[in-house]
Amino acid sequence: MELNFVSVEGNSKNYKIAVGVLGGLLLLGLICFGTSYAKGHYLFGSSNQIPWGMPIVLAIYFIGLSAGSLILSTLVYVFGQEKYKPIGRMAVLLAIALIFGALIAIAVDLGRPENFWRLFMFFYWNNMTSMFAINGILYGGYFVISIAYLGIILSGNKIWMKRWGCLAIGWAALVHMGTGAIFGFMAAREAWFTPIKPLEFLTAAVTSGVALLIVVLILTMKFTGRDLRKDMVTSLSRLLTIFICILALLIFLDKMTHLYAPERAAVLYSLTGHYAWIFWCLQIGLVVVLPLAILFNKKLRTIKWIFIASVSVVVGVFFERFFLVIPQAGFPQQYYPGHIEGVYGAVGQFAIMPVEMGMSLGIFTMVGLLFLLGLKFLKALPEKTAEELAAAAAKLAPPKTEEAVKTDIPPAGTAGTPPVENKPS
Amino acid sequence: MARWGMVIDLDKCTGCQECTIACKEENNIPHGSPEEQRRRQDPYWHKVIAASEGEYPTAHIEMVPMPCMHCDNPACQMVCPCKATYRRNDGIVMQNFRRCIGCKYCMVACPYGARAYNYKEQEDLPYDRIDPPLRRDLIGNWPFPHRAHGMVEKCTFCFHRIEKALMEGQQIGTEVVPACVEACPAHARTFGDLDDPDSEVAKLLSNRTSITLREAMGTKPKVHYLTK
């Protein structure tokens, strides 16, 4: 199947409005970050008991989505599943935008962001027993590898596409297992401490990656007036079903391991305590129950319902991360036998603070903006077929309102450019 | 090389919090507002927890003062990505403010909740430490003397007192002790060299039943508790 890729021209009103709105929100995020940097982290909801807040939630969420969508893109370029080819480039572009967002999220969560470089002084100023330092290698390498991967795909070298794709898939899996290890190796936090965490993270990553890809695919095709291949969406949704089932199994095993052992207070609290509704309604409900109810129902096998199921998974995995980082960290540690009185034995509270939320919103919009700019400056979208063009022309009589597509001349000098450089400064 | 440790007699402790206040004064730890107290955003290097057991007629409360345990096998040092937390040759676990990036991973890893994050720019005076470094062979890197927001802080066993005493030839454990030990009105705390058989702490540990907190974590704390 020969397929040409094009970029959107980005002259339509909708595109400009989208970029403008996202740019404005990004500015808001920057202002929030500046405030927190100048004033201190008391503007955040985190405390000495719940040390990590929204930026870390976003970081691991984005890393998951990024690793997931990169792994999926290798379906095309390594495993030769030609039917997924139209979304291959978009998946890689998305992976780069998301990992950039994740790195920024980690950086702005640091108390001294100007010391960010200290995370990357491997083996010299870094303590390599730290999971953070090891993940520094993984994240940095992943960023470079995925940009090079996009460059290779755009250049169209088939052999290197395959070789580099193999490297990328392995590295992406490592990246997310490493992220899981940050939490899973913490013996002091009872609810986090489980060897299954890296695998659970990896599965959640791939699940949310597939779901996000379906969402982005449907949205992009709709807004740029292309025809959506239904068989592609259905086969992706089948993949999604399998991953959701594996994820549900891993979550079940994780909780059961903790509940079976006599030291079960922390997990029991997270399943029945104040924040249990986040787990049951938002995590289990949105990631497992609702999507599976839709996907297993033959009558609902339409694009609209698959879209709803995918959105539900993407949102639900966010709350899975949220539940892990914030409520589960809030359970007090048992310093001494007995019931610990006062604040040191109380469950930690997390306040929703405007500055933190503004900053998180800014990180979200930055990822969206990078993706939009990537669509404009890189040839990531599949070309319209002759029939689609004809249908679009018939539907819209004045062709000027239609999103124009460059099919003949590629924009010179933009192929292979990492989208990071396209960020307006 | 000495291996500094502390022994706290739970039988003598009354939970008066004098140690917490002395620590705040000595190390110039900022005082938080009630709102910050409620949100647990005020830094404490030392805390006293109350652990209760049983119901009313047979209820029992144990007051447990908790400084940093200065573990021989510190979980915080293991996870610090930037070598900001390090263990000195004499066993004191220190935080280098120059290197700390404020990732809070050590706070997640510490099983004793001994670490506190500095949530805002403090009005207080600079962190009171003697400058310049006295014994580089002993202490390794010299920590940044001024505190800024966005860094993790912790108990230092009042290392500045120890340094000074070593220089002036004073006896550590009898003449010079950390601020919390000095302040304790009930003489519940003893400080000294755990490796020195003649020291007060070594004698107490050999004569009385002692425990360390959360032994299952394998951190080997150097703060020991004498049981009632």
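Analyst: Happy to. Let's begin with a term: a patch is made of residues with over 30% relative accessible area and no salt bridge, where like charges are joined within 9 Å and nonpolar side chains (Val, Leu, Ile, Met, Phe, Trp, Tyr) within 5 Å. Accessible areas come from the Shrake-Rupley method with a 1.4 Å probe, and for residues only the protein chains shown count as cover. A salt bridge is a side-chain nitrogen of Lys or Arg within 4 Å of a carboxyl oxygen of Asp or Glu. By that rule A:Leu249, A:Phe252, A:Leu253 and A:Met256 form a nonpolar surface patch, with about 380 Å² of accessible area together. Keep in mind that this is a predicted model: local features need pLDDT of at least 70, side-chain atom pairs count only at pLDDT 80 or more, and totals for chains, interfaces and linings use all residues. Residues are numbered from 1 along each chain as its sequence is written, chains are lettered from A in the order in which they are written, and side-chain values use heavy atoms, without hydrogens and water.

User: Why is A:Met256 called partly exposed?

Analyst: Buried means under 20% relative accessible area, exposed means over 50%, and partly exposed is in between. A:Met256 has 35% relative accessibility, so it counts as partly exposed. It belongs to helix H7 (residues 230-260) of chain A; helices (H or I, at least four residues) and strands (E, at least two) are DSSP runs, numbered from the N terminus.

User: What makes the pair of A:Trp117 and A:Trp125 tilted?

Analyst: Rings of Phe, Tyr and Trp (its six-membered ring) pair if their centres lie within 6.5 Å; planes under 30 degrees apart count as stacked, over 60 as edge-to-face and the rest as tilted. The count over all chains comes to 27 aromatic pairs. For A:Trp117 and A:Trp125 the centres are 6.0 Å apart and the planes at 55°, so the pair is tilted. Both residues are partly exposed, A:Trp117 at 36% and A:Trp125 at 28%.

User: And why is the pair of B:Tyr117 and B:Tyr119 edge-to-face?

Analyst: Here the centres lie 4.8 Å apart and the planes are at 70°, so the pair is edge-to-face. B:Tyr117 and B:Tyr119 are both buried.

User: How do you know that the charged end of B:Lys24 sits over the ring of B:Tyr44?

Analyst: The rule asks for NZ of Lys or CZ of Arg within 6 Å of the ring centre and within 35 degrees of the ring normal. The charged end of B:Lys24 is 4.2 Å from the centre of the B:Tyr44 ring. B:Lys47 sits in this way over A:Tyr344, at 5.6 Å.

User: How do you know that S2(A) and S2(B) pair?

Analyst: Two strands pair if DSSP finds at least two bridges between them. Two bridges join S2(A) to strand S2 (residues 47-53) of chain B, and the strands run antiparallel. One bridge partner of A:Ile340 is B:Ala51. S2(B) also pairs with S3(B), over seven bridges.

User: Why is S2(B) described as largely enclosed?

Analyst: Six of its seven residues are buried, so S2(B) is largely enclosed by the rest of the structure.

Methods:
Buried < 20%, exposed > 50% of the residue type's maximum accessible area, 1.4 Å probe, protein only.
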